[in-house]
Amino acid sequence: MIFLRRAVQVAVLTLVALPIAAVVAAPPAGATPHKRSQAEAGAGALARRMLVQLKVARPLSLRGYSHRRFQPRWAHHKGACDAREVVLARDGRRVRRNAACHPVKGRWYSPYDGRWLKSEKQVDVDHVVPLAYAWRSGARKWSQARRRAFANDLTRPELITVSHSANIAKGGQGPQSWRPPRRAYWCRYATSWITVKHHYRLSVTRRERVALLNMLRTCRG
């Protein structure tokens with residue numbers, strides 16, 4: 001019995017420690033459609049396993065929420081560059097920045113709606129799991145430092161450059177209420193959402209879980 005208990009514990013720990021990066025890692029730019037399809041299928045399978053581990057619960061109250069409870073300002077990551085500027089440089093093409101690290105020129109692709117944008121004023125850096133949504137999923141119980149780390153996380157797929165219009169349309173909604181207009185991005189969106197929630201041990205609602213599973217069906221192999 002002791003051996004069996006230990007074996008089960010090891011199996012659970014192994015599942016929890018699955019390489020999360022595999023969920024969000026994009027296929028190489030030169031990958032064939034077949035290899036991209038295989039990568040999506042693998043990401044979707046891993047996301048399903050992580051989704052099963054998330055606690056299903058009713059959303060907490062929004063009472064006490066404020067954007068400043070997460071992000072009084074963007075955190076600095078590289079010299080003069082804050083997290084937003086790092087993401088804009090990462091996601092853009094031929095981005096030129098001034099001495100203060102602010103982008104002054106470049107092109108950005110918005111995967112939510114499939115638009116190419118030529119001005120930094122047309123784009124936003126979106127929190128994939130909105131701050132208000134994270135608050136109701138468990139972040140209201142966190143320390144200020146943990147909430148700030150969440151809002152400026154460059155390791156998980158929480159920050160992404162999208163069009164301003166898509167970001168406004170999404171607001172603080174979850175996948176049961178809003179999905180990217182571009183269906184081809186549903187797989188990546190769902191795996192990113194699950195990866196973030198799994199890492200931060202945030203809960204999901206029943207409707208949210210169903211919506212995520214439906215989106216994961218687009219991860220074709």
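Visitor: Which residue in S5 stands opposite Ser110?
Guide: This is a predicted model. In it, three bridges join strand S4 (residues 103-110) to S5, and the two run antiparallel. Opposite Ser110 stands a residue of S5, Arg115.

Visitor: In what order do the three strands of the open sheet come?
Guide: Strands of a sheet pair through backbone hydrogen bonds, either parallel or antiparallel. Here the pairing is antiparallel. The edge strands, which pair on one side only, are S3 (92-97) and S5. The order is S3-S4-S5.

Visitor: What is the average twist from one strand to the next?
Guide: The question concerns the open sheet formed by three strands, S3-S4-S5. From one strand to the next, the twist averages 10 degrees.

Visitor: At about what angle does H4 run to S3?
Guide: Helix H4 covers residues 83-91. H4 lies across both S3 and S4. Its angle to S3 is about 135 degrees.

Visitor: Is Arg84 buried or exposed?
Guide: Buried means under 20% relative accessible area. Arg84 has 17% relative accessibility, so it falls under that cut-off. Its salt-bridge partner Glu120 has 16% and also counts as buried. Arg84 is therefore buried.

Visitor: What is the N to O distance in the salt bridge of Asp91 and Arg90?
Guide: The side chains of these two residues meet in a salt bridge. Asp91 is partly exposed, with a relative accessible area of 26%, and Arg90 is partly exposed at 43%. The N to O distance is 2.7 Å.

Visitor: Where does Leu154 lie, and how far is its C-alpha from that of Val86?
Guide: Leu154 is in the loop between helix H6 (144-151) and strand S7 (159-163), and it is partly exposed at 27%. Leaving out residues up to four places away in sequence, Leu154 touches His77, Ala83, Val86, Val87, Arg90 and Leu159. Leu154 and Val86 are 68 residues apart in sequence, yet their C-alpha atoms are separated by 8.6 Å.

Visitor: How many of the 15 residues of H8 are buried?
Guide: Helix H8 (residues 186-200) reaches 21 Å from its first C-alpha to its last, close to the 21 Å expected. H8 is largely enclosed by the rest of the structure, because most of its 15 residues are buried. The count of buried residues is 13.

Visitor: Which residue follows H8, and what is its phi?
Guide: Helix H8 covers residues 186-200. The residue that follows is Arg201. Its phi is positive, near 55 degrees.

How values were computed
Residues numbered from 1 in each chain as written. Predicted model: local features only at pLDDT ≥ 70, side-chain atom pairs only at ≥ 80, totals over all residues. Heavy atoms only, no water. Helix = DSSP H or I, 4+ residues; strand = E, 2+ residues; numbered from the N terminus. Expected span 1.5 Å × (residues − 1). Buried < 20%, exposed > 50% of the residue type's maximum accessible area, 1.4 Å probe, protein only. Salt bridge = Lys/Arg side-chain N within 4 Å of Asp/Glu carboxyl O. Contact = heavy atoms within 4.5 Å. Pairing = 2+ DSSP bridges. Axes fitted to C-alpha atoms, helices over the stretch in contact; angles between N-to-C directions.
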